[in-house]
Structures are given as C-alpha cells and as structure tokens.
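Dear colleague,

Please find below the structure that I am handing over to you, together with its sequence. I would be grateful if you could read the notes that follow with the model open beside them.

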Amino acid sequence: MKVNRHAKIVELVNKYQIETQEELAELLNAEGYKVTQATVSRDIRDLRLTKVQTENGKQKYAALKTTQSELAEKYFRILKDGFVSMGMAQNILVIKTVSGMAMAVAAAIDEMNWPEVLGCIGGDDTIMCAIRTVEEAEKVMEKIRKIVS
C-alpha cells in the first residue's frame, strides 16, 4: 500500500545517500515494493522530498521536516482510513484494521506519543496495543473513537 511504501521511502532516504529516482526505485524493488520510476516520482512529490548537498558535495534526497500539526493530521488520517473496530481485554487494546493496514495504524498510534500507550504490535489486519492500566485503556479507546468518528 501507498502508506507503507511512503514509510519505507522515508526510512531509505534517512538510511542511504540516494541521489536519483532510479536508485530509490531499485532499493524499493529490493525491499519487495514493485515500483516504476514514475511511481517514485509521484511519491517524492507527495512526501515533499528535496535534494540537499552532502559533505562530499553530492546531492541526496532528504525528507523536509513537517510541523507537529501536519504529523498529527497524517496520523489521524491513517488511523481513520485503516480502522475497522476495537475491543479491550484488560489493559490490552485489540484494534482491527483494513487488511494490510495494521502496521501503518500501529506506527501512527505509536507516533502519537500518548502517555497511556506502552507500544503497539501490528500484523496484517490486527493490532495489539499494550496500555498501562485498564482505566487508561478505556481513555485510549475514547480518543480513538473521537478520531475515527
């Protein structure tokens, strides 16, 4: 999915000095994402990647820093787009997502830095989210309900 591919692109540009769209496409294909140069070009535009100069004078892709409100909006959108249902088992929150979206939604919840959330593990369509207490799990469920409604 596009969300997962975008996350991988940001990871790759932060890890490697990628100078061309072709290099990025090769790395993505090696990671199992079947992409063309045209897809990579659109992704670069969507992610607002830019070229910056490295220490050795070459150019590489870099992600522009986004504001907190832009990040929060993106995480809310991912949660809203992927969410199907949720339930609670003591202090464990189980969230069902659209198939293939669990890891992206889990990452979005983790990035929201809610103090009640210890961490999330995402599979294909299910997330297990460890919450500090039963009471705080109820609070997190309410936060999620407000976002997805």
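The notes below go through the sheet, the helices, the cysteines and a few individual loop residues.

Please bear in mind that this is a predicted model.

The sheet and the helices on it

Four strands make up an open sheet, and their order across it is β3-β4-β6-β5. The pairing in this sheet is antiparallel. In general, the strands of a sheet pair through backbone hydrogen bonds, either parallel or antiparallel. The edges are formed by β3 (83–89) and β5, each of which pairs on one side only. On average, neighbouring strands of the sheet are turned by 20° against each other, direction ignored.

The pairing of β5 with β6 runs over five bridges, in the antiparallel sense. Within this pair of strands, I121 stands opposite M128 in β6. Helix α5 (residues 102–111) packs on the sheet, where it touches β4 (92–97), β5 and β6. The direction of α5 makes about 170° with that of β5. Helix α6 (residues 134–148) also packs on the sheet and touches β3, β4, β5 and β6. In the case of α6, the direction makes about 170° with that of β3.

The contact of α1 with α3

Helix α1 (residues 2–15) and helix α3 (residues 37–47) have axes that come within 11 Å and cross at roughly 80°. Angles from 65 to 115 degrees count as roughly perpendicular, and α1 and α3 are therefore roughly perpendicular to each other. On the α1 side the contact involves K2, R5, H6, I9 and V10, which meet T39, D43, D46 and L47 in α3.

The cysteines

A disulfide is a covalent bond between the sulfur atoms of two cysteines. How many disulfides does the model contain? With a cut-off of 2.5 Å between cysteine sulfur atoms, the count comes to zero. C120 has a relative accessibility of 13% and therefore counts as buried. C129 also counts as buried, because its relative accessibility is 0%.

Residues in the loops

D124 is found in the loop between β5 (117–122) and β6 (126–131). Is D124 buried, partly exposed or exposed? Its relative accessibility is 44%, so D124 counts as partly exposed. Leaving aside residues up to four places away in sequence, D124 touches T97, V98, S99, G100, M101 and A102. From R45, D124 is separated by 79 residues in sequence and by 28 Å in space, C-alpha to C-alpha.

R48 has a positive phi of about 55°, although R48 is not a glycine. The residue sits in the loop between α3 and β1 (49–53). With a relative accessible area of 46%, R48 is partly exposed. Q90 likewise has a positive phi, near 60°, and is a residue other than glycine. The place of Q90 is the loop between β3 and β4. Q90 is exposed, because its relative accessible area is 61% and the cut-off for exposed is over 50%.

With kind regards

Definitions and conventions. Residues numbered from 1 in each chain as written. Predicted model: local features only at pLDDT ≥ 70, side-chain atom pairs only at ≥ 80, totals over all residues. Heavy atoms only, no water. Axes fitted to C-alpha atoms, helices over the stretch in contact; angles between N-to-C directions. Helix = DSSP H or I, 4+ residues; strand = E, 2+ residues; numbered from the N terminus. Parallel < 35°, antiparallel > 145°, perpendicular 65-115°, else oblique. Contact = heavy atoms within 4.5 Å. Buried < 20%, exposed > 50% of the residue type's maximum accessible area, 1.4 Å probe, protein only. Pairing = 2+ DSSP bridges.
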